[in-house]
Amino acid sequence: MAPPNQLCLVLVIFLSIFSLSSLPTNAIIPKANVSLPVPSSQLVENLCNCKAVENRRFCLKALSTPKIIAVVDKTQLGTLIMKLGAASAKATLNALKALNYCVEAYKYAILSFEMVSSELVEDPQTANYDVAVIGPEIANCEKELINAKLQAPRLLAGNRFMKYYVSMGYGITSTLELENPKEY
């Protein structure tokens with residue numbers, strides 16, 4: 001027969017295990033809102049360690065999805081890498097389209113502000129209209145940036161300043177238009 005100390009120890013262990021087993025698992029292991037990194041496969045490790053890969057950390061992070069970890073050969077891995085590359089290129093292209101739209105909106109704003117300067121004396125009503133139509137172009141630039149999920153604080157600040165200048169321009173041209181009504 002076992003000595004009393006060993007019997008007590010076995011009994012304590014048994015009761016501890018039994019009492020814990022009736023609790024839900026989250027009482028034993030609390031849920032954390034932390035996503036644990038998926039271990040990389042040997043294929044991914046080999047690829048990310050090869051000399052041709054410029055950024056090992058990026059490679060490991062980009063290729064740490066369960067779908068990629070599950071690949072069994074280099075062809076499957078290559079196919080998934082090409083799909084990831086295409087998706088990244090599409091996202092970048094969308095950002096560039098938004099930027100291009102903004103470039104065109106700002107070219108338009110420059111031409112319009114310059115044109116309005118020359119119209120102030122001769123035709124305040126036309127000047128008023130020409131400065132007013134700059135605003136929607138800048139607003140559309142901002143919408144494009146937001147839709148492309150492009151974080152561009154300098155561009156957003158520039159858009160805000162453009163809105164201010166448009167409102168000031170509209171204010172001054174409205175005043176001039178009232179002082180010098182055009183007769184038709």
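Modeller: C50 has a relative accessibility of 31%, so C50 counts as partly exposed. Please keep in mind that this is a predicted model.

Colleague: How do you know that the sulfur of C50 is too far from the closest cysteine sulfur for a bond?

Modeller: The closest cysteine sulfur is that of C59, at 7.5 Å. A disulfide requires sulfur atoms within 2.5 Å, and therefore C50 and C59 are too far apart for a bond.

Colleague: What makes C48 and C59 a disulfide?

Modeller: The S to S distance of C48 and C59 is 2.0 Å. The cut-off is 2.5 Å, so a pair of cysteine sulfur atoms within that distance is a disulfide. C48 belongs to helix 3 (residues 42-49) and C59 to helix 4 (residues 56-62), so the pair ties together parts that are eleven residues apart in sequence. Both C48 and C59 are buried.

Colleague: Which hand does the link of C48 and C59 have, and why is the disulfide of C102 and C141 called right-handed?

Modeller: The link of C48 and C59 is left-handed, with -80° about the S-S bond. For C102 and C141 the torsion about the S-S bond is about 105°, so that disulfide is right-handed. The pair links distant parts of the chain, with C102 in helix 6 and C141 in helix 8 (residues 134-147), 39 residues apart. C102 and C141 are both buried, and their S to S distance is 2.0 Å. The structure holds two disulfides.

Colleague: Why is S112 called buried?

Modeller: Buried means under 20% relative accessible area. S112 has a relative accessible area of 4%, so S112 is buried. S112 lies in helix 6 (residues 74-122) and touches D130 and I134, leaving aside residues up to four places away in sequence.

Colleague: Why is K149 called exposed?

Modeller: Exposed means over 50% relative accessible area; K149 has 70% and is therefore exposed. K149 sits in the loop between helix 8 and helix 9 (153-179). Phi of K149 is near 55°, a positive value in a residue other than glycine. Most residues other than glycine have a negative phi.

Colleague: What makes E45 and R56 a salt bridge?

Modeller: The N to O distance between the side chains of E45 and R56 is 3.3 Å. The limit is 4 Å, so a side-chain nitrogen of Arg within that distance of a carboxyl oxygen of Glu gives a salt bridge. E45 lies in helix 3 and R56 in helix 4, so this pair ties together parts that are eleven residues apart in sequence. E45 is partly exposed at 23% relative accessible area, and R56 counts as partly exposed at 38%.

Colleague: How many salt bridges does a search of the whole structure find?

Modeller: The search finds three. Among them, K107 and E104 meet at 3.6 Å, N to O; being three residues apart in helix 6, K107 and E104 are separated by about one helical turn. K163 forms a salt bridge with E142, with the closest N and O atoms 2.8 Å apart.

Colleague: Finally, how do the residues lining the largest pocket divide into nonpolar, polar and charged?

Modeller: Eight are nonpolar, three are polar and none is charged. Helix 6 gives the largest share of the lining, four residues. The space in this pocket is about 230 Å³.

Technical notes:
Residues are numbered from 1 along each chain as its sequence is written. This is a predicted model: local features need pLDDT of at least 70, side-chain atom pairs count only at pLDDT 80 or more; totals for chains, interfaces and linings use all residues. Side-chain values use heavy atoms; hydrogens and water are left out. Helices (H or I, at least four residues) and strands (E, at least two) are DSSP runs, numbered from the N terminus. Buried means under 20% relative accessible area, exposed over 50%, partly exposed in between (1.4 Å probe, protein chains only). Contact means heavy atoms within 4.5 Å. On a 1 Å grid over the protein atoms alone, a cavity is a set of points where a 1.4 Å probe fits but cannot get out, and a pocket is an open set with protein on both sides within 12 Å along at least five of seven lines; lining residues have an atom within 4 Å of a point. Grid points are joined across faces, edges and corners, and a volume is the space filled by probe spheres set on the points. Ala, Val, Leu, Ile, Met, Phe, Trp, Tyr, Cys and Pro count as nonpolar, Asp, Glu, Lys and Arg as charged, and the others, Gly among them, as polar.
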